[in-house]
Each structure stands twice: as C-alpha cells, then as structure tokens.
Amino acid sequence: MGMRKKLDSPAIADDLDRPATDELDILGVLACTNTALRRAARRLGQLYDDALAPLNLKATQIGLMAEIARLSASGSETGPTLQDLAAKLAIQISALTHALRPLVRDGLVELQPDAEDRRIKHGVLTRLGKKRLSEALVYWSEANNRVEVVLGSGTAAMLRALADNVASDEFLAAYNGEDLVQNDTGHR
C-alpha cells in the first residue's frame, strides 16, 4: 500500500483547486456551441449598438420594439400581450418587463391592461415609439448591410436559418427528447 498525503496538506488543497491536466485538455478540444454563439451574439450586438448609438437605443431595444410592431400588425390596436411577446422572443417574462422599463420610461412603449382581464398587459408602441423605430431602422439597416457584406449573403442567410432553428420549439422538443405531434398533412 502506497503512502497517502494528508488531505489538509497545502499540496493537496492546491491540487483540488486546479482542474486536472486531462480536464484542461478536454476543455481545449470541446466545441462549445453555447460559448461560440454567445460570443458571436455579443460581437454582433456591439456592432448594432454602435450603429444605433446616435438614437441612445440598444439593438435589443429596437428588436423588442420591432417585435411589438410586427405582432401589432395583425390589425389589433391593443398590441401583443407580454406573455405572447416573451414567448416569441424566447425570454422569461421577468426579463421582458425589465427590458421594457426604459422604453416605457422614455415614452416609447405603453403597457395597456387587457379589456377583459386587467391582470394581462399589452405592449403598444406610442407615437414617439413608432417614430423612433422608423429612425432606428435606417441605422439598423446600414449595420445589417455591412454584416451581410462581410459575411456574404449566403453565409448570413445560413447563420440566420441556424439561429432560427435553435430558437424553434421543434429544436427544444428534440433536445428534450419529445416528439411533436404531426398534423393531418404530415407536417409538424
């Protein structure tokens, strides 16, 4: 039987604080999709934020306002419910309400209670919000076009398609090992 070091010795304590060499080697070769996508999203976010800086708005705020406008385009004057908006954006309702605070504060978005259930809130762009969104689309379009040029239109389209796939309910169901029910036409 070999000699064992005492567990409270400094050498052992230091060893417990450091990953083993094998673990570090594995971390170096693993392709982490999450890390790569987050890093890419941060870089793109910075580029779009820089483009929108003259309006004192962030790309995430413009995306939120654009989604409110898109979901309101269905002819409803009430705008989307916060639950529908959160589901469409694949975020928690608490994160959505946090993101809406500065837009509400600055008069770009209003939260209106539902006519039938006052606990339900609808996000609605104000007149100023519609104007600011229209202005922002000019800056956003310029940044988006530059990204398309740098990536190439085919690569940019493929990147969007992959991102949309990962954000889809089908991807989540597949990840969770669920089988989505098919409709009569055989489509999911």
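**Strands**

I looked up Pro113 and found its bridge partner in strand 2, Lys121. This is a predicted model, where local features need pLDDT of at least 70, side-chain atom pairs count only at pLDDT 80 or more, and totals for chains, interfaces and linings use all residues. Residues are numbered from 1 along each chain as its sequence is written, and side-chain values use heavy atoms, with hydrogens and water left out.

Strand 1 (residues 109-113) pairs with strand 2 in the antiparallel sense, over five bridges. Pairing requires at least two DSSP bridges between the strands. I then checked burial in strand 2 (residues 121-125): four of its five residues are buried. Buried means under 20% relative accessible area (1.4 Å probe, protein chains only).

**Whole chain**

I counted nine helices and two strands in the protein chain. These are DSSP runs, numbered from the N terminus: helices are H or I with at least four residues, strands E with at least two. Of the 188 residues, 22% count as buried.

**Helix 3 against helix 7**

The axes of helix 3 (residues 33-52) and helix 7 (residues 127-151) come within 8 Å and cross at roughly 140°. Axes are lines fitted to C-alpha atoms, for helices over the stretch in contact, and angles run from 0 to 180 degrees between N-to-C directions. The two helices are therefore oblique to each other. Oblique is what remains after under 35 degrees (roughly parallel), over 145 (roughly antiparallel) and 65 to 115 (roughly perpendicular).

Which residues of helix 3 make the contact? I listed Leu44, Tyr48, Ala51 and Leu52. Helix 7 brings residues including Trp140 and Asn144. Contact means heavy atoms within 4.5 Å.

How values were computed:
Buried means under 20% relative accessible area, exposed over 50%, partly exposed in between (1.4 Å probe, protein chains only).
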